[in-house]
Amino acid sequence: MSGNRELLSTTLAKAVSEDRAALIAYLPGGFPTVDGGIAAVKAAVAGGADVVEVGLPHSDPVLDGPVIQTADDIALRGGVRIADIMRTVREAHEATGAPILVMTYWNPIDRYGVERFTAELAEAGGAGCILPDLPVQESALWREHAEKHALATVFVVAPSSKDARLAEITGAGSGFVYAASLMGVTGTRESVGEQAQELVRRTRATSELPVCVGIGVSTREHARQVAGFADGVIVGSAFVKRMLDAPDEAAGLEAVRALAAELAEGVRKR
């Protein structure tokens, strides 16, 4: 069975045709429970998210700040497994029709088996993977199987990336390019700096792939600013924090839906 890479591309293109940026939400799988995580994805799409990244919780999340680390710890202590992530992708996609990606570090895939992981992700209706710690020069095996199963391979670029390195990364990727707005781990910030806009400009010079910006985006105003120069706005920690701060799961789901609606308004008023 083929994955939904094409659905991801058409969804991002549709946002462009509507003269806006796409809203991409990140939510950890298995948080606060597997069922609760699935419900959170549905809530984000109901609020206005175009695309959702489901995080595969990891014990050493080097790119993630304390908010997502806390959620990952809750999910891992709850016993979340890769099978639960596949179930999350399947049920969320079937319920919403939205493209669902998995964001994961390389080690869990390597241990699980690349062929097994890509085949199961495609069968679940996944659109692809974001792989923040997989070096492009070591990605041939992954890309071979991702291509076989019509899955997008999304790499991360950073403000420190030189132009030649950007070209190497974007040339190997598909779906979109994840542009980290600043150096450091995920988390909310007071503002999204000018270096994010410069990174988008330099990345676009190397590729026709959409460029979506994440890390530090947490408010409607941030979304509006980033939507002014990027093809997509990626928000993660702000969603997770609202769930962590909620008094119960129902309130957390409503908080996710409400934040998605605020951010969706932001990306439409760039």
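Which residues does UniProt list for "active site"? In the unreviewed entry, the residues listed under that heading are Glu53 and Asp64, and their surroundings are described here in a model that is predicted. Of these residues, Asp64 is included in the lining of the second largest cavity.

Glu53 is found in strand 2, which spans residues 51-55. With a relative accessible area of 0%, Glu53 falls under the 20% limit and therefore counts as buried. When residues up to four places away in sequence are not counted, the contacts of Glu53 comprise Ile24, Ala25, Tyr26 and Leu27, together with Leu101, Met103, Ile130, Phe176, Tyr178 and Ile234. Asp64, in turn, is found in the loop between strand 2 and helix 3, the latter covering residues 66-77. The relative accessibility of Asp64 is 6%, a value under 20%, so that this residue is likewise classed as buried.

A search of the whole structure finds two cavities of 30 Å³ or more, and the second largest cavity has a volume of about 60 Å³. The residues that line this second largest cavity are Tyr26, Gly55, Leu56, Asp64, Asp72, Met103, Thr104, Tyr105 and Pro132. Grouped by class, this lining consists of five nonpolar, two polar and two charged residues. Tyr26 and Met103, which are among the lining residues, are also among the residues that Glu53 touches, while Gly55, another residue of the lining, belongs to the residue range of strand 2, in which Glu53 is found.

Aromatic rings were considered next. Under a criterion that ring centres lie within 6.5 Å, the count comes to three aromatic pairs. Trp106 lies in helix 5 (residues 106-112) whereas Trp142 lies in helix 7 (residues 140-148), so the pair ties together parts that are 36 residues apart in sequence. Both partners are buried under the 20% limit, because the relative accessible area is 17% for Trp106 and 0% for Trp142.

Terms used. Residues numbered from 1 in each chain as written. Predicted model: local features only at pLDDT ≥ 70, side-chain atom pairs only at ≥ 80, totals over all residues. Heavy atoms only, no water. UniProt positions renumbered as here; feature names shortened; annotations may be inferred. 1 Å grid on protein atoms, 1.4 Å probe; cavity = no way out; pocket = protein on both sides within 12 Å on 5 of 7 lines; lining within 4 Å. Helix = DSSP H or I, 4+ residues; strand = E, 2+ residues; numbered from the N terminus. Buried < 20%, exposed > 50% of the residue type's maximum accessible area, 1.4 Å probe, protein only. Contact = heavy atoms within 4.5 Å. Points joined across faces, edges and corners; volume = space filled by probe spheres on them. Nonpolar A, V, L, I, M, F, W, Y, C, P; charged D, E, K, R; others polar. Phe/Tyr/Trp six-rings, centres within 6.5 Å; stacked < 30°, edge-to-face > 60°.
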